[in-house]
Amino acid sequence: MDTDLELILSISEDGLFNLSYYFVNTPEQRGIRFFANEEGEVESTEAMYQDLIILTGALREGEGGLGSGLIGKTISPVVLLDENGEADRLYPYMNLAFDLRENPQNARVYQNVGLYLADDVVAVDVNHLIGLDSEEQIMTQFSSVEEGHEDEFLVESHTYELLQESFDNDLIEHNDFKMAYQSENEFMQLVLAMHLRTNTSFPQDTEVELIDPESVQLNDDSEAQYAMLINDSVLYVFDGESLFMTEEVEEVDGKYTVENWVTN
């Protein structure tokens, strides 16, 4: 593999486990993420937890020891950043946007994920876990770490608990997304999460800026509250109630006019 794979696992006394993994690219390949600091100024930082996956499973007896069974949902949350560019919380945007609309008849209750426990050894079949099609069989063992590890928050909660928390706090009636941004950074984090969809990142040459809301002309009865421009080609605007987006950005004398908005 041309990238490193980081895995972290927690197992509780009731037999449930949380398993998280993400990728670490070389410095030349690492992307960036953006946040707004306390002054509302946009800053960039090296992307963390690239392509993060978290799943909750239940141990069962298997060949050679204890195996594992996946229960509930695997999630691919976006890691939202705070005003210092540090990890703030996990936001399962894709699950909120699409899973609630899936046909439950197609759901799988059990699936082996390649995790094995035997003779005090905890190992995982990496090929099986991430779907790696390779002639090289990659098995790796977990080593114990003390409490307080920097990645511990990734496996502190079961996936269904994370989903319930986000369902309660990030959605409103009819499963629509709550849009009541209280700061420049909250606006940036939640809108960029929708833009990225999962915990991917932007190329290093990406430019993101918060622009003066008064420079954007919305409808006659709307007034922009926050506005964000990505690479001078994608414009997101929030008017206090609705989110507007366009890829037809036209700027003249510092003013942005758009004929066709996409809105929620």
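The chain of this predicted model averages a pLDDT of 87, and 90% of the residues score at least 70; pLDDT is the predictor's confidence in each residue, from 0 to 100. Over residues 102–109 the pLDDT falls below 50, and beyond near neighbours in sequence this stretch has three contacts in the model, a contact being heavy atoms within 4.5 Å. Where pLDDT is low, the predicted coordinates should not be read in detail. Because the model is predicted, local features need pLDDT of at least 70 and side-chain atom pairs count only at pLDDT 80 or more, whereas totals for chains, interfaces and linings use all residues. Residues are numbered from 1 along each chain as its sequence is written, and side-chain values use heavy atoms, with hydrogens and water left out.

The chain contains four helices and 19 strands; helices (H or I, at least four residues) and strands (E, at least two) are DSSP runs, numbered from the N terminus. The C-alpha trace spans about 70 × 40 × 35 Å along its principal axes. Of the 264 residues in the chain, 42% are buried, where buried means under 20% relative accessible area, exposed over 50%, and partly exposed in between (1.4 Å probe, protein chains only). Among contacts in the chain with a separation of 6 or more, 55% are between residues 24 or more positions apart.

Strand E1 (residues 4–11) and strand E2 run antiparallel and are joined by eight bridges; two strands pair if DSSP finds at least two bridges between them. Ile11 has Phe17 in E2 as its bridge partner. The hairpin of E1 and E2 has four residues between the strands, and Gly15 takes a positive phi near 95 degrees there.

Five strands form an open sheet in the order E12-E14-E15-E16-E19, with antiparallel pairing. Strand E12 (208–210) and strand E19 (262–263) are at the edges with a single partner strand each, so one side of each is left without a neighbour in the sheet. Within this sheet, strand E14 (residues 226–230) is joined to strand E15 (residues 234–238) by five bridges, the two running antiparallel. Leu229 stands opposite Leu235 in E15. Helix H4 (residues 184–196) lies across E12, E14, E15 and strand E16 (243–246), and runs at about 45 degrees to E14. Axes are lines fitted to C-alpha atoms, for helices over the stretch in contact, and angles run from 0 to 180 degrees between N-to-C directions.

Val208 belongs to strand E12 and counts as buried, at 9% relative accessibility. Apart from neighbours within four places in sequence, the contacts of Val208 are Phe34, Val42, Met188, Met228, Leu229 and Ile230. The C-alpha atom of Val208 lies 10.0 Å from that of Leu192, a residue 16 residues apart along the chain.

A second open sheet has three strands in the order E13-E18-E17, with mixed pairing. Strand E13 (216–217) and strand E17 (250–252) stand at its edges, each with a single partner strand, so one side of each has no neighbour in the sheet. E13 and strand E18 (residues 255–257) run parallel and are joined by two bridges. Tyr256 in E18 is the bridge partner of Val216.

The structure holds 10 aromatic pairs. Rings of Phe, Tyr and Trp (its six-membered ring) pair if their centres lie within 6.5 Å; planes under 30 degrees apart count as stacked, over 60 as edge-to-face and the rest as tilted. One of the pairs, Tyr22 with Tyr49, is edge-to-face, at 4.9 Å centre to centre and 90 degrees between the planes. This pair links distant parts of the chain, 27 residues apart: Tyr22 is in strand E2 (residues 16–24), and Tyr49 is in the loop between strand E4 (42–46) and strand E5 (50–62). Both Tyr22 and Tyr49 are buried. The ring centres of Tyr181 and Phe238 are 4.6 Å apart and their planes are at 65 degrees, so this pair is edge-to-face. Tyr181, in the loop between helix H3 (159–170) and H4, and Phe238, in strand E15, are 57 residues apart, and their pair links distant parts of the chain. Tyr181 is buried at 3% relative accessibility, and Phe238 is buried with a relative accessible area of 1%. Tyr181 and Phe238 form one aromatic cluster with Phe187 and Tyr226.
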